[in-house]
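Here's a quick briefing on the aromatic rings in this one. Have a look at the structure first, then read on.

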Amino acid sequence: GFILSMLFFGCATEANFSKPYYISNAQVSIGENPGICKFACVSFNFYNNSERKIKNVKFSARIYDSEGESAGLITNGIKCMIECPIESKDEVPITISLDEIIGPEIDESYSVDFLYATEIEYDDGTSWADPFGLYCN
């Protein structure tokens, strides 16, 4: 009985730590994207792996140049919030402007790394947070 209850508890604990989202196809695009950016943007697919509808998501990421060096006028870090409803088990494309990070002096390719959701707010008033990127892709 004791071993069985520990196994059951272990399974329940594991379920509580399942990742509530997935990010795929992250890439940096150079050039104007009307209504989003003038110089560059990062785009990716975001999948809501939870059973709840998402109200908004806060993201964090790092941008690097073609030589792997930090890219950006002041910092290579992105921190932003996207307000868009995302249904449970739904995937949506997301695009974020890099204009304030990189600026107009673009003459090479860039990459995005350490892209993750720092906080997810659900429409039922609950939230999930990962301030240190432990669930980073």
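Rings of Phe, Tyr and Trp (its six-membered ring) count as a pair if their centres lie within 6.5 Å; planes under 30 degrees apart are stacked, over 60 edge-to-face, and the rest tilted. On that basis, the structure holds 7 aromatic pairs. Keep in mind that this is a predicted model, where local features need pLDDT of at least 70, side-chain atom pairs count only at pLDDT 80 or more, and totals for chains, interfaces and linings use all residues. Residues are numbered from 1 along each chain as its sequence is written, and side-chain values use heavy atoms, with hydrogens and water left out.

**Tyr21 and Trp128**
- These two rings have centres 5.8 Å apart and planes at 70°, so the pair is edge-to-face.
- Tyr21 sits in strand 1 (residues 21–30) and Trp128 in strand 7 (residues 127–129), so the pair ties together parts 107 residues apart in sequence; strands are DSSP runs of E, at least two residues, numbered from the N terminus.
- Tyr21 and Trp128 are both buried, meaning under 20% relative accessible area (1.4 Å probe, protein chains only).

**Phe46 and Phe59**
- With centres 5.6 Å apart and planes at 85°, the rings of Phe46 and Phe59 make an edge-to-face pair.
- Phe46 is in strand 2 (residues 40–48) and Phe59 in strand 3 (residues 54–65), so this pair links parts 13 residues apart in sequence.
- Phe46 is buried at 0% relative accessible area, and Phe59 is buried at 2%.

**The cluster**
- Tyr21, Phe44, Phe46, Phe59, Trp128 and Tyr135 form one aromatic cluster.

Notes: Helices (H or I, at least four residues) and strands (E, at least two) are DSSP runs, numbered from the N terminus. Buried means under 20% relative accessible area, exposed over 50%, partly exposed in between (1.4 Å probe, protein chains only).
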